Amino acid sequence: MQLIADDLSKIYNSHQGDILALDRVSFRTHDSEFVCIVGPSGCGKTTLLKILAGLILPTGGEVRYEGPRSDAPLNAMVFQEDSVFPWMSVLDNVAFPLEIRGMSRPRRHAVAREFVNRVGLGRFVDHYPRQLSTGMRQRVGIARAFACNPQVLLMDEPFGALDPQMKTVLQEELLALWSAHARTIIYVTHDIDEAIFMADRVIVLSGQPGQIMADLPVPFGRPRAPAVRTHTAYLAMRERIWALVRGEVMKVLGGAA
């Protein structure tokens, strides 16, 4: 399944006047591709993701999906803040989208249990969110997104609130899930290292209004070991992306250091 963003623009209306958040953003994903989107704060990354998810409408342009269709949803979204239901157990949280689709209780629990196990929460299937750490609750959200079998998975800084050690563990778990259950992933992050380590491509957005400044292939194969972070090509790519983002930040600050 391919996702096509065609000339997307978004204007927000406010008391201070119209705000152009996105300006003619276009790109196309490939089948089962992992695409990361980075850019300075306020550049419209989350707005773009919500448009792709169908949560808000663009002011201009359109989103299209091309490829074989199934009865699975076109997309699912994982947010930065955990979005688990506090009154449901881990198992029922993960199974909930399948219940909405009318899947029988035994079948949806079997599917949910598979993904709960895959994110390392097999011992916690009967626990409630209040009994889990922040990182564990985020694992529940990721398991739920994969369990509903979306053709495109949209992720908005899912590990942004986690400590570096937990972030590294969950990055590796997410890549393992993606490898086992091939899906196109579009992943928004502020973390340039995270983007290069995880993605096949990194799209860099400018400051407001968000426009694509660069669309960069990541020059490393799969599986990708943590040691890739010391590779000369990795360091060069990180420096290139940082130079682009830093330039946009300095425009906002009104100068250059």
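**View 1. Helix H3 packed against helix H4.** In this predicted model, the axes of helix H3, which covers residues 105-118, and helix H4, which covers residues 134-147, come within 9 Å and cross at roughly 135°. An angle of over 145 degrees would count as roughly antiparallel, and the value for this pair therefore makes H3 oblique to H4. The crossing of these two helices, H3 and H4, is right-handed. On the H3 side the contact is made by Val111, Phe115 and Val116, while H4 contributes Ala143, Phe146 and Ala147. The residues of this contact of H3 with H4 comprise 6 nonpolar, no polar and no charged.

**View 2. Helix H4 packed against helix H5.** The axes of H4 and H5 come within 11 Å and cross at roughly 15°, and the two helices H4 and H5 are therefore roughly parallel to each other. H4 passes H5 in a crossing that is right-handed. From H4, the residues Gly135, Arg139, Ile142 and Phe146 meet a set in H5 that consists of Met166, Val169, Leu170, Glu173, Leu174, Leu177 and Trp178. Sorted by residue class, the contact of H4 with H5 has 8 nonpolar, 1 polar and 2 charged residues.

View 3. His181 is found in the loop between helix H5, residues 164-180, and strand S7, residues 184-188. With a relative accessible area of 19%, His181 is classed as buried, because the class takes in values under 20%. Leaving aside residues up to four places away in sequence, His181 touches Glu114, Phe115, Arg118 and Phe146.

View 4. A disulfide is a covalent bond between the sulfur atoms of two cysteines. A search of the whole structure finds 0 disulfides. Cys43 is in no disulfide, and the cysteine sulfur nearest to Cys43, that of Cys36, is 13 Å away; the cut-off for such a pair is 2.5 Å.

Notes:
Residues numbered from 1 in each chain as written. Predicted model: local features only at pLDDT ≥ 70, side-chain atom pairs only at ≥ 80, totals over all residues. Heavy atoms only, no water. Axes fitted to C-alpha atoms, helices over the stretch in contact; angles between N-to-C directions. Helix = DSSP H or I, 4+ residues; strand = E, 2+ residues; numbered from the N terminus. Parallel < 35°, antiparallel > 145°, perpendicular 65-115°, else oblique. Left-handed = near helix turned anticlockwise from the far one by under 90°. Contact = heavy atoms within 4.5 Å. Nonpolar A, V, L, I, M, F, W, Y, C, P; charged D, E, K, R; others polar. Buried < 20%, exposed > 50% of the residue type's maximum accessible area, 1.4 Å probe, protein only.
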